[in-house]
Amino acid sequence: MTDRQDSERCLDGFAHILAEVAATGRRLTRDELESRRALGEQAAEAGRGLRELVSAHLTAARTAWPGSAGSADRALAAVQQVVDAFAEGYERAQRLAVRQEEAARREFIDDLLYGRSDLGRLAERAERFGLRLSHAHAVAVAQGAAAYGEGDPVARQVERALIARFGDRSILLTTKDGRLLCIAPGHQDDVLAHFAKQAHAATDGGRVAIGRPQAGPGGVVQSYEEALNTLELAERLDLGDPVLRAADLLVYPVLTRDRQAMADLVLGTLGPLTTARGGAEPLLDTLTAYFDCGCVAAEAARRLTLSVRALTYRLERIHKLTGANPADPAHRYMLQTAVIGARLLDWPAREL
């Protein structure tokens, strides 16, 4: 069907309605309004532009303008009703299409991240969203103070920023469990870096984690899980960086791979701190600050709002209780590893 035939179909009955309303002064009937809405829906489904269609209605109104006295106001009222009903139908169809697209994307993301679909079918569906699962992909996950959904202003803001910068570059933006996700080809780190910058700003200082590029359909899942684990690590270790890369934190999964061995190290090394007045936490915080600032006592004291003398006393107390001296390089590695393990295992708040 040609564009002209499409336009004529959208205007079907319009001239007749205009002439009759101008002559009688009546308002459009319910059936007439519903017929305009239906035509609006059909135009939207056919991919016609709303601006073009409104212009076609106004042109048709000028062509078929009734010439009887006093008909102008009536005819304009009818044009207003017709265009309003037509636009309502058009928008209704567009909203339905958006909801269907969002539902399809959510279903695809669920199947992709949880492996609930045949790989061949999954790869076929992925191409609809610009992904080629035979290639390597990396996933960035942004988490803010609030939970975010597909249609939220934050998600739309980040999506607009990426499209404005990169256009259609096989990028998939979506939400999952209240977080923002960006899936991009593994070699396009600039996309993920820009997503991290935009998401950090849009979520009012939220944290972003970027998984390593992984190949194949399962690679997206692996990169996604790495990003989630990195967010969890950042929370456990109280890491201050707004953007964290799984590749830079590989030592932590290695340390916790044997959970029982790490628990034994924590209890064996730091367990005696629980006998101190006030419990283990103040002394554990002292070790954390001391190691985080490169074992500089003055800086650690400043971070803890203590005098250098008070900090030195705490370090001596730790040495006495554990038998390990934080200032001695021979003991430092064991103590620091145990401190990291305690933070990863949430000890002493959680019993090991």
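Residues are numbered from 1 along each chain as its sequence is written, and side-chain values rest on heavy atoms, with hydrogens and water left out. Local features of this predicted model require a pLDDT of at least 70 and side-chain atom pairs a pLDDT of 80 or more, whereas totals for chains, interfaces and linings use all residues.

The mean pLDDT (the predictor's confidence in each residue, from 0 to 100) is 82 for the protein, and 85% of its residues reach 70 or more. Confidence is highest in strand 4 (residues 207-210), with a mean of 94, and lowest in helix 6 (residues 119-128), with a mean of 64. Where pLDDT is low, the predicted coordinates should not be read in detail.

The protein has 15 helices and six strands; these are DSSP runs numbered from the N terminus, helices being H or I of at least four residues and strands E of at least two. Of its 352 residues, 43% are buried, where buried denotes under 20% relative accessible area, exposed over 50%, and partly exposed the range in between (1.4 Å probe, protein chains only). Among contacts (heavy atoms within 4.5 Å) with a separation of 6 or more, residues 24 or more positions apart account for 70%.

The largest nonpolar core comprises 35 residues, of which Y252, L270, L273, L287 and W347 touch the most other members. Such a core is a set of buried Ala, Val, Leu, Ile, Met, Phe, Trp, Tyr and Cys residues joined through side-chain atoms within 4.5 Å. Two or more residues are given to this core by each of helix 9 (217-237), helix 10 (251-256), helix 11 (259-270), helix 12 (281-292), helix 13 (297-304), helix 14 (308-322) and helix 15 (329-344). Apart from this core lies another, of 22 residues, including A138, I171, A199 and I210. Residues up to four places away in sequence aside, Y252 touches L233, L237, I340 and L344. T269, in helix 11, counts as buried because its relative accessibility is 7%. With the same exclusion of residues up to four places away in sequence, T269 touches T322, M334, L335 and A338.

The axes of helix 7 (residues 153-166) and helix 8 (residues 189-202) come within 10 Å and cross at roughly 145°; axes are lines fitted to C-alpha atoms, for helices over the stretch in contact, with angles from 0 to 180 degrees between N-to-C directions. In this contact, V154, Q157, V158, A161, L162, R165 and F166 of helix 7 meet D190, V191, H194, F195, Q198, A199 and A202 of helix 8. The contact residues divide into nine nonpolar, three polar and two charged, with Ala, Val, Leu, Ile, Met, Phe, Trp, Tyr, Cys and Pro taken as nonpolar, Asp, Glu, Lys and Arg as charged, and the others, Gly among them, as polar.

Helix 5 (residues 71-114) contains R106, which is partly exposed at a relative accessible area of 39%. The C-alpha atoms of R106 and K176, 70 residues apart along the chain, are separated by 8.1 Å. D84 also lies in helix 5 and is exposed, with a relative accessible area of 51%.

D204 lies in the loop between helix 8 and strand 4, D238 in the loop between helix 9 and strand 6 (243-245). A cis peptide bond, with omega about 10°, joins W347 and P348.
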